[in-house]
Each structure stands twice: as structure tokens, then as C-alpha cells.
Amino acid sequence: MNSRSLQTTIIFLVVGGILALALGGFFGSASNRFSLVFIEIQTWIYTRYGAFQDLVTAPRDIVSLRQRNADLEAQVSQLQAQLIELQQRVNETEILAALVDFSRSNPESTYKAASVIGRDPSPFLHYIIINRGSNDDIRRGMPVVTNQGLVGRVDAVIADAARVQLITDPASSVNVFLQNAETSAILYGSVTGDVTLDLISQNVTVEPGDLILTSGLGGGYPADLIIGQVVSLRTLEFELFQQATVQPAVDFSRLEIVLVITNFRPVDITPLEPVSP
Amino acid sequence: MRNIIAFPLLGLAVILQSSLVSEIHLLQGYADLPMLLIAAWALQDRVDSAWHWAAVACLFVGFISSLSWVIFAIGYFGIVYIARSLQKRVWQAPLLAMFSVVFIGTLFIHFLSFGVLSILGTPFSFSDVAGLITLPSLLLNMLFSIPIYTFMRDLSYWVYPAEVME
């Protein structure tokens, strides 16, 4: 046997011995350590390769991502605009539904819906401008309401618009009826938009929270339209009448759609008022 | 001829006043856009049509408002007069002149309104009106006066272009 054959035999024996020991489980801990190191090295190389690949391909991705981002932003703004429009429609629908409910619950009157399109330029007066006019059979003096209560009455009309005097206007006065106290009074507006009740008899007991309705006296407004509630009462013994501050049922700062009562014709009783000699 | 822009501009101003500016209120007061435009226009050096603009503004505001047009006529012509008088005295500080005209003009128009409402028998508490309407309106008018003055100055350069010296 030459030396080369001897060397080959020894290598086979060593390898076979190692394999036999490994198969016998004698190299378990060493094999685990080796595989752990191997996995860590492989993980490190793979992640570095991934980072390198990102670095190489990033410019192309940034361009496409920017384009995609711009597209998505445009889509988002478009959807936001649609959302706002739909919210407005929902609000309008809710208001209209409430107004329809109101008109159904008060079938004795006929109504015409109108949108509020402006206010008086002077801060001293409380008028709104609506988008219905004489072309829609709107006439001066017609009462204007919402589902919450009385708003005011038509003061001036042109073909396609009308000006409405709110009950908060300083020149406005409404004959009212206090439901719980069963007495009449007059509701006045003011420059600052506050509403007060005057000419309440001293013999009557009025409580905060009492409901105020139109009385229909004077012919300016139909009866039984809700105006608001009494907030506080001012009673002074040396005065002829009591006064009260009122919380209107209608939020005049948020008027959007109103109803004009078109089958009511105001009565001008001025000629019937007694003339002082 | 370019002065004809007064009609669309003041018409738009009155529409904005009625629909937008009157919704931006501080307490019960809000700015007076047509008055600010008239004041800023009257303060421009090269402008000689401020009285005409005031008349157009009266026409539009008087049409839309239920307040007597006489108040606007006296008020706007008074503001042009005040602006013209101040322009000759504080011409080196145009913004100061604008603030002064807006301050005096707002008080002038509000006192006119007080007077007419009092004559018509409207009861009101002077302190309430001053605190809730006049002072907030004054503040808003002052705030709006700077951009409006700048806008009207640029507009005056367009309406009255400088003559080229040869």
C-alpha cells in the first residue's frame, strides 16, 4: 500500500468517524452553535442586500410614489369636496324634512319655502333677504316661519326676492298670548336683537319657561304660532305693567330656509283705531 | 372711462356685505365694506371721482337696506369730505389717514343711525348699542381697512394710469 492510498483511507476513516459521531448525536451542541452563526450571517447579508437593493431602485420608486401621492391627494381633496357638498345636502334635507313635518302638522296654512340669501347691511336693523318674490306670489305682510316658530313678516317684495323683518328688529311688535298665564302681551324687538315682552298685566302670574304664542290680535300674524319662552320677569310695583325677557324659539343667527305662509293676508286695522281728539 | 368699474365693484361689495360680511360679526357689530371702499378710494391722490363713487354706493346700499337711504347719503358723502380734508393734512402717512377716516366715519354713520332711529321712536340703551354694535364694528372696520386700502390704491393706479413723461 503506497502512502497516497494510506492517506485516502485515513481521510475516509476520519470523515466516516465524524459522520458516525454526528449521526449518533454527539455533535448536537456544536451543530446548533454552527447553525446559529450561519443563520445570523445569512440574515445580516440578506438585510444588507435588501437595503442595497432599495438604495439602487429608490429613485425610480420616489418618482412613482410622488406621482401616486399626488394622485391620492387629488382624490382626497375631491372626496372632501364631495363630502362637504353631501353634508350640506344632508343639512338641507334635514331642514326641509323638518319644515315638511311642520307644514303637515299645520295643514290650515299653505307654505312656500325660501332660502335666506342675505341680511340687512346695517347692524342696527334685523332683516333677512329671501330668494322668493312677487313672481312666487309673495306679498307684503305675509308671515314667515320655520318649524321652530315665528321668524317675522315680509316687509318689501321685488320680482325674485323679498325682505323679511325679523321679530328681533327694533321696529317689530307682535301681539302675543302667554299660554300658561292665559293673558295677552306685546313682544318687541330691539337694536341689539334681544326680545322683550311688555304690557303684561300686574294681576297675572308669569313664570319663567311659559310658552309664548302669537295671539292673532291686530291682524298682523295668524294665531298660535310659537315664538319662544319667558326667561325672566321684571315686576315693579309702581309700574302699570310687567315686563319679561324672552328666549326666541328660532335661532336667528342660523336661518337658512324659511317658510312663507302664503294664504294669510294681514289686516290693516289702522283706519279702525280711535283718533284722539 | 375706467371709473365705470365703480358699478360692478360697489355692487359686488354690497352683495358681499349682505351675504358674507354681515355673517362675520363680533358681538352684534360687523364691518361696513362699502364704507371702507369709499373711504379708501377718497384717500387716493389721483382720484377725482370719489363723490360719484359715494353716490353709486348710496344707490346700491339704499336699495338693499331698510334703513333710510338719507343716512347712507349723508354718511358716505360725509366720509368723502372727511377723507378729502384729511388727505391734504396727513398725506405723508396714508395708512394713518385711512385709520382716521375709518374711525371717524364709522362713528359718524353710527351716530346718524342712532339719531334717525331715535326720531323714529326706537328705544335703545346707548351703552348697550355702543358696547355691542359700535365698538365691535369699529374694530372690524379697522382690521379690514388695511387690505382694502392696498386694494384701492392698486385699483387707482389702474383707473388713473400715470402719464408717461417724454
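User: Two strands count as paired when DSSP finds at least two bridges between them; how many bridges join strand β7 of chain A to strand β8 of chain A?

Analyst: The model is a predicted one. In it, strand β7 (residues 183–188) and strand β8 (residues 195–201) of chain A are joined by three bridges and run antiparallel.

User: And which residue is the bridge partner of Ile186(A) in β8(A)?

Analyst: The partner of Ile186(A) is Asp198(A).

User: In what order do the six strands of the chain A barrel close?

Analyst: The barrel of chain A closes in the order β6-β7-β8-β11-β10-β9, with antiparallel pairing. From one strand to the next, the twist averages 40 degrees.

User: Switching to chain B: at roughly what angle do the axes of α1 and α3 cross?

Analyst: Helix α1 (residues 6–19) and helix α3 (residues 50–64) of chain B cross at roughly 40 degrees, and their axes come within 10 Å. The angle therefore makes α1(B) oblique to α3(B). The crossing of α1(B) and α3(B) is right-handed.

User: Which residues make that contact?

Analyst: Among them are Phe7(B), Leu10(B) and Val14(B) of α1(B), with Trp53(B), Val56(B) and Phe60(B) of α3(B). By class, the residues of the contact of α1(B) with α3(B) are ten nonpolar, three polar and no charged.

User: How many residues of chain A are in contact with chain B?

Analyst: Chain A has 19 residues in contact with 22 residues of chain B. On the side of chain A that touches chain B, β1 (111–119) and β2 (127–130) each supply at least two residues, and β1(A) gives the most, with three.

User: What classes make up that side of chain A?

Analyst: The side of chain A that touches chain B has ten nonpolar, five polar and four charged residues.

Definitions and conventions. Residues numbered from 1 in each chain as written. Chains lettered and ligands numbered in written order. Predicted model: local features only at pLDDT ≥ 70, side-chain atom pairs only at ≥ 80, totals over all residues. Pairing = 2+ DSSP bridges. Helix = DSSP H or I, 4+ residues; strand = E, 2+ residues; numbered from the N terminus. Axes fitted to C-alpha atoms, helices over the stretch in contact; angles between N-to-C directions. Parallel < 35°, antiparallel > 145°, perpendicular 65-115°, else oblique. Left-handed = near helix turned anticlockwise from the far one by under 90°. Contact = placed C-beta atoms within 7 Å. Nonpolar A, V, L, I, M, F, W, Y, C, P; charged D, E, K, R; others polar.
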